[in-house]
Amino acid sequence: MDASSITFSFFLIFTGAAVLATIALYTRQPLLIAYIALGALIGPYGLNFVNDLSLLSDISQVGIIFLLFLLGLDMQPQALLSTMKKATPIAIISSLTFLLVGFGVSLAFGFSQSESIIIGAAMMFSSTIIGIKLLPTTILHHRHMGEMMISLLLLQDVIAIFVLLVLLSGDVGQFDITMMLKTIATLPLFIALSMLFVKYVLLKLIQTFDRFHEYIFLLALGWCLGLAEAAHQVGLSAEIGAFIAGISLATSPISQYIAVNLKPLRDFFLILFFFSLGARFDLAVLSDIIIPAAVLALLMLSLKPVVFQFLLRNASEKKVLAWDIGFRLGSISEFSLLIAFVAFDAALLGKNASHLIQATAIITFLISSYIVIFNYPTPIALNDKLRRD
């Protein structure tokens, strides 16, 4: 993709997104729908105006990295650790439940056993983007509900890394035990080294040059992307690296300044993420997988709130909070899409099975957004009484 085609693609994406977002707001629809619809409309399986998605897809992943970095900036390490103790059994039990449901439905619709295992694994996770982007800022920063949601989503990310390790080992059900042990040992060491670097290097640089706002901005970007890449190189995920980068800076007085200044950059990349999601979907396959995708999506949207509510109530959470978190975690995840793409590239999934996961993700993204926007406090609620930021 040359420079002129990148410029033209960005022109189409952001001008088109602005037009469709305007229509979405006037018709009281979630903005995410506009971005996904635009990708389907002008992508390679639509009008084919934007036909080279590899670069755009890679760029869009930066949006998730920035999202996790900003989440880390807003979390105090001690509060997060105490919440994760309660969240761990909830994350494990819920993930196993959704795995079994996805596996059973896939088998019932004629997919092979190995494909059904992967489809079931893709159902285990909830969307970080949907969950956090629709959570009011005050709840995310200062309340127990925000800490609990972040804990559950992060634990799901850890489980997702193990799933991806299994897929990358070459055969479903076969673990690369050396790689697995390396990952388990690497995580605490990675966190400790990050904290030490922040304490003895990064914070001293910030204190010395805090008058130069451009420098603070560049330092934050370098730290976020550098740690994300380092985490990827040692067998963790870039997303977890970005979160560790954020949480290691959370106790610094400069953390909120960094968070406010990076939000527009995060939104820029997230638009590309949702565009690429719509653009990568082959509409010709839709007729073959629409029924199992609809069944899976409806089951996930129905079961996830019930399962999370039940588990949270048993963990002594309030009923109202339990239902709220359950509905906010009702969609499947960006990691589900990554599992679909990795498994397809490794020839572990056929095209229909891969698109089944993608279609289920898109359906749950859209319906879950509607449920939250129309019923719960959110920064982009259409009802003035529910709009919070």
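Let's start with what a helix is here: helices (H or I, at least four residues) and strands (E, at least two) are DSSP runs, numbered from the N terminus. What you're looking at is a predicted model, so local features need pLDDT of at least 70 and side-chain atom pairs count only at pLDDT 80 or more, while totals for chains, interfaces and linings use all residues. Residues are numbered from 1 along each chain as its sequence is written, and side-chain values use heavy atoms, with hydrogens and water left out.

First, the overall picture. The protein chain has 16 helices and 0 strands. Of its 389 residues, 53% count as buried; buried means under 20% relative accessible area, exposed means over 50%, and partly exposed is in between (1.4 Å probe, protein chains only).

Now look for helix α10 (residues 213-233) and helix α12 (residues 255-279). Their axes come within 10 Å and cross at roughly 70°, which makes α10 roughly perpendicular to α12. Axes here are lines fitted to C-alpha atoms, for helices over the stretch in contact, and angles run from 0 to 180 degrees between N-to-C directions. Angles under 35 degrees count as roughly parallel, over 145 as roughly antiparallel, 65 to 115 as roughly perpendicular and the rest as oblique. On the α10 side you'll find His213, Ile216, Phe217, Ala220 and Leu221, and they meet Tyr257, Ile258, Asn261, Leu262 and Leu265 in α12. By class, this contact has 8 nonpolar, 2 polar and no charged residues. For these classes, Ala, Val, Leu, Ile, Met, Phe, Trp, Tyr, Cys and Pro count as nonpolar, Asp, Glu, Lys and Arg as charged, and the others, Gly among them, as polar.

On a 1 Å grid over the protein atoms alone, a cavity is a set of points where a 1.4 Å probe fits but cannot get out, and lining residues have an atom within 4 Å of a point. Grid points are joined across faces, edges and corners, and a volume is the space filled by probe spheres set on the points. The count comes to 1 cavity of 30 Å³ or more, and the largest cavity has a volume of about 40 Å³. What lines the largest cavity? The lining is made of Leu202, Ile206, Ile216, Leu219, Ala220, Trp223, Leu249 and Ile258. The lining divides into 8 nonpolar, no polar and no charged residues.

Next comes another pair, α15 (residues 334-345) and α16 (residues 351-375). They pack at an angle of about 170°, with their axes 9 Å apart, and are therefore roughly antiparallel to each other. From α15, Glu334, Ser336, Leu337, Ala340, Phe341 and Phe344 meet Lys351, Ser354, Ile357, Gln358, Ala361 and Phe365 in α16. This contact is made up of 7 nonpolar, 3 polar and 2 charged residues.

Helix α16 also holds Thr360. Is Thr360 buried or exposed? Thr360 counts as buried, because its relative accessibility is 0%. Not counting residues up to four places away in sequence, Thr360 touches Met123, Ala293, Leu296, Ala297 and Ile332.

Helix α5 (residues 113-122) is mostly covered too, with 7 of its 10 residues buried. Those are Glu115, Ser116, Ile118, Ile119, Gly120, Ala121 and Ala122.

Over in helix α11 (residues 238-249) sits Ile240, which is buried, with a relative accessible area of 7%. Leaving aside neighbours within four places in sequence, Ile240 is in contact with Asp157, Val158, Ile161 and Leu187. Ile240 and Gly72 are 168 residues apart in sequence, yet 9.7 Å apart in space, C-alpha to C-alpha.

Finally, visit the loop between α2 (31-42) and α3 (53-73), the place of Leu47. Leu47 counts as partly exposed, at 48% relative accessibility. Asn48 is in the loop between α2 and α3 as well, and counts as partly exposed at 38%. Most residues other than glycine have a negative phi. Asn48, although not a glycine, has a positive phi of about 65°.

Notes:
Contact means heavy atoms within 4.5 Å. On a 1 Å grid over the protein atoms alone, a cavity is a set of points where a 1.4 Å probe fits but cannot get out, and a pocket is an open set with protein on both sides within 12 Å along at least five of seven lines; lining residues have an atom within 4 Å of a point.
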